[in-house]
Amino acid sequence: MALKCPICGSDNPDDAACCGLCQVVLRREAPAAPAEPAPPAAPAEPAPRAPPAETPAVPPSGGAPSREGAAEAQPEAAPAPEAPAKRVEPVDFAARAEDLAGHLGEAGRGILLDYSAASLILLDDWLDGQWEKADARDPASKGRLDYHVWHVGCYAGEIACRAFEGAWQQNPEDCGQSIVAFAGAGGATVPPFLWVRNRLTAGGSRLWDRWQELRHTMLVTIPPVPEHGARDGEALGRQGASMLSAGKVEAALKVYRLGTELDARFAGCWAGLGECQSRLGRPSEALAALDKAVAADPRSAPYWSSRAGLLLAAGRKDEARESLARAADLDPKDASLCWRQADILRERRAWDESLKLYGRALELDAGCGQAFRGRGDCLAGMGRHEDAIKDYADYRTRTGDQTALLSVAFCEERLDRPAAAAEALAQFLKDPGKADPAKVAEAGRKLPVFEALAAAEAAAAAGKPSEVVEAYRKVLALDPSRKETKRRLGESLGAAKLFDEAIQVLDELLAADPLDSQTECSKGVVYAQAGRLDDARACFDRSLSLAPKDLRTQKRKAICLDQLKDDGALGRLCGELLAGDPACAEAWYLKGMAEKRAGRAAESLACFKKFLEHYRPDIPEAWRHAAGQEIWAIERPDLKPNPEAAKEWVVKALAFAKRQAFAEAAACYAKAIERDPLDADHRVGQSACLASLGRHEEALAGLAKALELNPASVPALSAQVSMLMSLKRWTQAVTALERLLARVPKEEKLWRDKAGCLYVLGRYDEAAKAWEEVARLLPGNRMLVMVRALCLDRAGRTDEAVALMSEAFLDRAFREQFKKTAKVEIGPYLEKASPAINELMRYL
């Protein structure tokens, strides 16, 4: 017995022209002594005696059509040409279908065929890519045409068999053509080979459309067995997900819709249908599908979460939050469900509840950027701008989103730090990333405004009122709507002694808003600068009538009362200020002056000492000197300070120090201290000279005395920190650093020093927090990540160290594996991280 291909007629399976089906389809006797291989048979239509029904007839009444009716409904097929009689062995159509599935599966194009109706859509797509409309008369295309007809027809027929409990009916005379038919219960007959051939050669309907017609007929004649509906629903769900991930939304929509018709209880198809409708811009249909998904499977957190997203888009935030809460109950470890609820609450200014949820999200996922961003917005809304800036920095570090710098600039503006706001905006404009062009343009407009405000601030600190005026005028030229800047312009004009112009500017603001208490206060300040104290007092009274508890106005009025020598009113006002804030340094000073004028030396002495205890750098230095002189005048009436004589000795001391003659310089500073013992800076200079001579204890004693005279002296605190660290007195250095950082919190070197001291002391948790502050001030510095991780590892928090390192150094794909395998190796790895060790070596 020889093999002969039923399609191409070749006796030689190795022949290049052979399609190869002789290997897998059927066996028959070779013809007697053929002169040459028989030519391939022409495509044959079904014989009239067994007409296949492409679309079985459906009775109007909805009943099952008879076999005769189904046969009569088919178009009459052309008679098949005569062919030699064949003896056909039964064909395993399922095996041939598997041949196609294997060809298109892992070994081929990765197309998933699972005997669901959805596979017909995939086959349609594949045929579109493989086959342009073929001319059956072209011999070159015949082998490929018959290959597709045979294998795709087998697969399509297998789908019908499995869906409707049918059976193949073979025609032993013409099995290789297109009349192998499926006979389903109820009398319907399906010709899958004819479907495929007509689709490829005559431009017939797609396989999916044919299946829809067949399914409708079969559902009318024979309702599917329930378990088969469930099985097909799940298969369609898998196919729909595959199509959706490939971006074939319309095709997936059809598949999911069929799945819901076959099995209305399968939630996966409803959820997929909702996703498709959402992507196609049909929110109401999407929400209806998700409602059915959660009704079918109320224990699925992803379905509730997806439903919440649709409700949010529709503006139904209460219902969205309820859905998110249900999802969070079902999946309590999903951080996104927490911060999404918090976002809704934040918009409603429910600060406390939203902060708790953001905190919960960060407990679940310490690197959750969205939680940091949302918490930052929440804190900014509460007026806690310093805390908000820290969260925005964390968000930017974890996500790389440069728009966080815009939020930082907003907070810096509210904190009245225009230089920091300008720095944030400039950094954003250098690399805006994928930010909205409108935000980039807005930042470009704001940057020169903040730069001009920063210039005004710098000029005010340098005591140059004319430059302050020019800077504020520039700001208003760029942005005339800035009411606060116009008010400050009025004050700066008063400081520049341009009183009439200042009053005019402030009167314009009051004409626009007569109830503006701050502008009324500023007008009082200008009157006081002009010496019109009664007018100033009237302005302050009007301002306090509008805002009775305004601290700025109360202090300004107290200064005015001090100048008016109205000690009774001044004492009452200072009492009110100190009742609200016992650390109000201005109130202590002014009360001390009132007590002095009243002749109560003991009371004034106590007030002046309290003033020095609470003195701040923003209070005029002249007040500090005056308070010190009053204290010395009461405690040491024999001592008469002479600041001018002291300055001469300071000049000599600086000259000796420049030549490194530190002994002579220290002696000169001693002479200066004798003539002006109230100046803390003289003692700081003397301590520096003594330290250079190795007399550290004397130097530290001098600094301690300087800090008694001026507890807020940054030079004295800096010198004390430097000296304590050089002596390796780490605990005392940490205390001094904390006092200094309270004055200059943005100095990253001080945070580094504090972190290093804490590391040496073995206080690793605190050291890690200090390094975190350094990282906020220097975002993107990887060496700081390693040092912080090293401290966390030493503190026994290895999991956090691993997470920190993986987040900073590893691609997302490798992070989870690193977290699993690196726990025992993280310590030794960090020990070898030379940048981190070098950073700490100077403290060890």
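Buried means under 20% relative accessible area, exposed over 50%, and partly exposed in between, with a 1.4 Å probe and protein chains only. All views show a predicted model, in which local features need pLDDT of at least 70 and side-chain atom pairs count only at pLDDT 80 or more, while totals for chains, interfaces and linings use all residues. Residues are numbered from 1 along each chain as its sequence is written, and side-chain values use heavy atoms, with hydrogens and water left out.

**View A. Salt bridge between Arg597 and Asp562.** A salt bridge is a side-chain nitrogen of Lys or Arg within 4 Å of a carboxyl oxygen of Asp or Glu. Here the N to O distance is 2.8 Å. Arg597 belongs to helix α27 (residues 585-597) and Asp562 to helix α25 (residues 551-564), so the pair ties together parts that are 35 residues apart in sequence. Helices (H or I, at least four residues) are DSSP runs, numbered from the N terminus. Asp562 is buried at 15% relative accessibility, whereas Arg597 is partly exposed at 31%.

**View B. Salt bridge between Glu275 and Arg279 within helix α9.** The two side chains meet at 2.9 Å, N to O. Both residues lie in α9 (residues 267-279), four residues apart, about one turn of the helix. An α-helix has 3.6 residues a turn, so residues three or four places apart point the same way. Glu275 is partly exposed at 33% relative accessibility, as is Arg279 at 48%. The structure holds 50 salt bridges.

**View C. Largest nonpolar core.** A nonpolar core is a set of buried Ala, Val, Leu, Ile, Met, Phe, Trp, Tyr and Cys residues joined through side-chain atoms within 4.5 Å. Of its 74 residues, Leu113, Leu123, Tyr155 and Trp211 touch the most other members. Helix α4 (residues 139-164) supplies the largest share of this core, 12 residues. Contacts of Trp211, meaning heavy atoms within 4.5 Å, include Ala117, Ile159, Phe164 and Leu258.

View D. Arg199 is buried, with a relative accessible area of 11%. Not counting residues up to four places away in sequence, Arg199 touches Asp124, Leu127, Asp128, Gly204, Ser205, Arg206 and Leu207.

**View E. Cys584 and Cys574.** With a disulfide taken as a pair of cysteine sulfur atoms within 2.5 Å, the count comes to zero disulfides. Cys584 has its nearest cysteine sulfur, that of Cys574, 7.8 Å away. Cys584 is buried, with a relative accessible area of 1%.

Technical notes. Helices (H or I, at least four residues) and strands (E, at least two) are DSSP runs, numbered from the N terminus.
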